[in-house]
Structures are given as structure tokens and as C-alpha cells.
Amino acid sequence: MPSNAAVTDSYVCTSCGYNMAGYYPLHCPFCGAGREHFLTAEECSARYRVRSTPVADGVEMLQSVPRLGIEHAAYRIDTGDRVYWIDCPSCFDRRLDPASVITFTHHHFLGASHLYRVEFPAEVWIRREEVAMPLTCGFSFDLPFEEDFTRDGIRAHHIGGHTSGFAVYDFRGTLFVCDYVLFRNEGMIFNPYGPRENTLEGGIRLRRLLNDLRIETVCGVDYTMEYPQWEALFDRLAAG
Ligand SMILES: [Zn+2]
Ligand SMILES: [Zn+2]
């Protein structure tokens, strides 16, 4: 497995946003697109930038502009002590203020974390179940965690389901749920790109967890939403 991949030997698939960290395959490992859809990470940095949008006190949404494939939104949390990112933008944008930690919900979109990790430098955290996957080739993790934790007011909760090590996070009333659920036709569905039964069971765990949290805002894969509206849709989904 390649390691210490640099901006000069990394590629970004513009069809989906997946980063190939230090290797140049014939097809994107995530979406299957051919090399004609690839940019070098340097080309990507020249054509795209990362936009930050305020979401809540201390929380901003990070997204590549123009839109980069089906990139999943990342979120920046300034706890007052340290800056964390939850998930990571696909585009490597050196203009961003450094983060101390990049911690992931799951392994599907690791963005350009292999480059930010060195640039800032930042520690990269993810649940241990997520580490050794085909899509993690070329990425390094500093803290593969096995327990739920609280750091600087950020709490990680293992849900599993969509992927075995899927974790959601909350921070001061904001929930970070990435792509566990998606919006289709004005309703909500569980993410279909994973084991169905496990995803439903994880949904039940998430519902139980929400009973113990005081959430006001939800940060998702490409949206943010006030919690009551999100909860109504989630409850309808979870009720089957
Ligand atoms: Zn792709
Ligand atoms: Zn996913």
C-alpha cells in the first residue's frame, strides 16, 4: 500500500470526488469512472476551492466549489481550544485555516485528508473497523478508535450499519450524520449503498441515541436542517 502520498502523485475523480492517494488506477475505485475524469490533486486545487458556510455557533460547512462529483460535505468545528473537521473536503485547498484533528464518520469519502494531514499537520481519526478497506488505500490514520469518546465537547457515537464502524457526532446541539440517510422525492431514505438490515438496525440505534441528546441542527451529506423538521422525516422513516 502506498504511503506518504503527496500532491504530485495523487488524483481526484471529478465524477465522484474520490481521492486516489498516491496511485493512478485505470478506473476510479469508488465510482468506476475512467482516467479521462481524473485530475491531479494540483490541477484540482487550481480549478476548485473549498467554501465554508456558517451553520451554528462554532460550526461551518465545508464544500468544494464548483461542486466536485458527489463529494460529501465536511464540517469545521472550532471548540475554542482546538479546530476539528468532521469528514474532509475532496479538494486540497491550502487557503483553509488549519485543523488539529480530522475525524471521520466512515471511510467512504476520505477527501484529501492524506494531504491536509501533512500540510497542517492534523491527526486523522476513524473507527478501527473502517481502517482496512479497499477505499482506504494510501490513507493514513493516527487514531483508530474503538470506543465512543468526548473531546473538547465533541462526542462520537458508534452507530454501525451503513458501514460497520459508522460514527455520528454531536457538538453543542449540532448532530453530524453524514450520509446515513438521504433525501429522495421530498422524503428521507436510509442510505441504500450498504447492508440493508444492518443499516436499519443502526437506524434504531440512532433513534435511541437521539432521545438522549438535545439536538437543534442536523449536518448531513449535502444539507443542514433544523432538527424538528429532520426528526419528523426520520421518525417517519424509522417507523417503516
Ligand atoms: Zn469516481
Ligand atoms: Zn457512505
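User: Which residues touch the most other members of the largest nonpolar core?
Analyst: In this predicted model, Tyr75 and Phe176 do, in a core of 63 residues.

User: What is phenylalanine 176 in contact with, leaving aside its neighbours within four places in sequence?
Analyst: Phenylalanine 176 is in contact with Tyr75, Ile86, Thr105, Val168, Tyr169 and Cys219.

User: OK, new topic. In what order do the strands of the open sheet come?
Analyst: The order is β2-β1-β3, three strands with antiparallel pairing. Strands β2 (19-21) and β3 (38-40) each have a single partner strand, so one side of each has no neighbour in the sheet. From one strand to the next, the twist averages 25 degrees.

User: How many bridges join β1 to β3?
Analyst: There are 3 bridges between β3 and β1, which covers residues 10-13. Within this part of the sheet, cysteine 13 stands opposite phenylalanine 38 in β3.

User: Where is glycine 22?
Analyst: Glycine 22 sits in the loop between β2 and β3.

User: How far apart in space are glycine 22 and aspartate 9?
Analyst: They are 4.9 Å apart, C-alpha to C-alpha, although 13 residues apart in sequence.

User: Last one, helix α4. What does α4 reach from its first C-alpha to its last?
Analyst: Helix α4 (residues 227-238) reaches 15 Å, close to the 16 Å expected for its 12 residues. Glycine 240 follows α4, with a positive phi near 75 degrees.

Note on methods
Residues numbered from 1 in each chain as written. Chains lettered and ligands numbered in written order. Predicted model: local features only at pLDDT ≥ 70, side-chain atom pairs only at ≥ 80, totals over all residues. Helix = DSSP H or I, 4+ residues; strand = E, 2+ residues; numbered from the N terminus. Expected span 1.5 Å × (residues − 1). Pairing = 2+ DSSP bridges. Axes fitted to C-alpha atoms, helices over the stretch in contact; angles between N-to-C directions. Core = buried A, V, L, I, M, F, W, Y, C linked by C-beta atoms within 7 Å. Buried ≥ 20, exposed ≤ 12 C-beta atoms within 10 Å, placed from the backbone. Contact = placed C-beta atoms within 7 Å.
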